[in-house]
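Here are some friendly notes to read alongside the structure. Take them one at a time, and keep looking back at the picture as you go.

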Amino acid sequence: MLVGAGYALAAATTSPFSWQADLLTAIPIGVLAVAAVMRWPARPRVRVAEPAAHATHPYRAWVVLLAVVAAWEIVQYAAPGSRALHPTLSSMADAVDRSELRKAAVFFVWMWLGVAIVRAGAARTPVSETDGVTGETA
Amino acid sequence: MSSAFVYAVWAVLAVALFGAVLWSRASDVSIARPSAVLERLASGPVLRVVLVVGWMFAGWHLFAR
């Protein structure tokens, strides 16, 4: 945790389009790629959430929400006019990144999400003992 | 379309996402928890590749380029 926070602070001091930013961003990307290859099963079993009694589509709300976010992002990106008039997720993130501390926090969350992704895809045995998750063959 | 309206829609979407997270934590609801969504994505043979590439792109786009 402390190492991650220190790394995020170091990354936050770099400027985009510099070799330092490239390097400090590429290292977690490379680490995640290696970790995924090492920890993920070659033939994964799809794990679906155990639904509540009345739930038939536990992922539907998430799919709809993310589709709306993506659609709004595309509409703003394609809209004529300045980015100030039509802010996108990227432009809002740029505004957040103007402060090194906030940028470090975003970088830390990004790395934490990478760790969570690797853990979520790691093999588990037996699958039936997972927390609220059941195994299904793809 | 004014920027205030655009920001308001972004805010509504952020609140909706946050609300979905809180809603999913209730004991008997019809929406999967974020960790279950992540596990579903990361255990799919194609979706896990999309997930990782998306994470890599996000980091590169936000911090390097």
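1. Before anything else, a term you will need: pLDDT is the predictor's confidence in each residue, on a scale from 0 to 100. You need it here because this is a predicted model.

2. Which elements of chain A have the lowest and the highest mean pLDDT? Strand β2 (residues 133-136) of chain A has the lowest, at 48, while α5(A) has the highest, at 96. Chain A as a whole averages a pLDDT of 86, and 85% of its residues score at least 70.

3. Please take care with residues 126-138 of chain A, where the pLDDT is below 50. This stretch still has 27 contacts in the model, leaving aside near neighbours in sequence. Where pLDDT is low, the predicted coordinates should not be read in detail.

4. Now trace chain A from its N terminus: the elements follow the order α-α-β-α-α-α-β. That gives 5 helices and 2 strands. Of the 138 residues in chain A, 18% are buried. Among contacts in chain A between residues at least 6 apart in sequence, 64% join residues at least 24 apart.

5. Next, look at where the two chains meet.

6. The largest nonpolar core has 16 residues, and A:I117, B:A32, B:V37, B:A42, B:L51 and B:V52 have the most contacts inside it. At least two residues of this core come from each of α5 of chain A, α2 (34-42) of chain B and α3 (47-64) of chain B. The largest share, 4 residues, is supplied by α2(B). A second, separate core of 11 residues includes A:A11, A:A104, A:M111 and B:L62.

7. Not counting residues up to four places away in sequence, B:A32 touches A:A49, A:P58, A:Y59, A:W62, B:S24 and B:V37.

8. Finally, chain B. Its domain assignment gives domain 1 (1-31) and domain 2 (32-65). Taken over C-alpha atoms, the centres of domain 1 of chain B and domain 2 of chain B are 20 Å apart.

Note on methods. Residues numbered from 1 in each chain as written. Chains lettered and ligands numbered in written order. Predicted model: local features only at pLDDT ≥ 70, side-chain atom pairs only at ≥ 80, totals over all residues. Buried ≥ 20, exposed ≤ 12 C-beta atoms within 10 Å, placed from the backbone. Contact = placed C-beta atoms within 7 Å. Core = buried A, V, L, I, M, F, W, Y, C linked by C-beta atoms within 7 Å. Domains from an automatic or database assignment.
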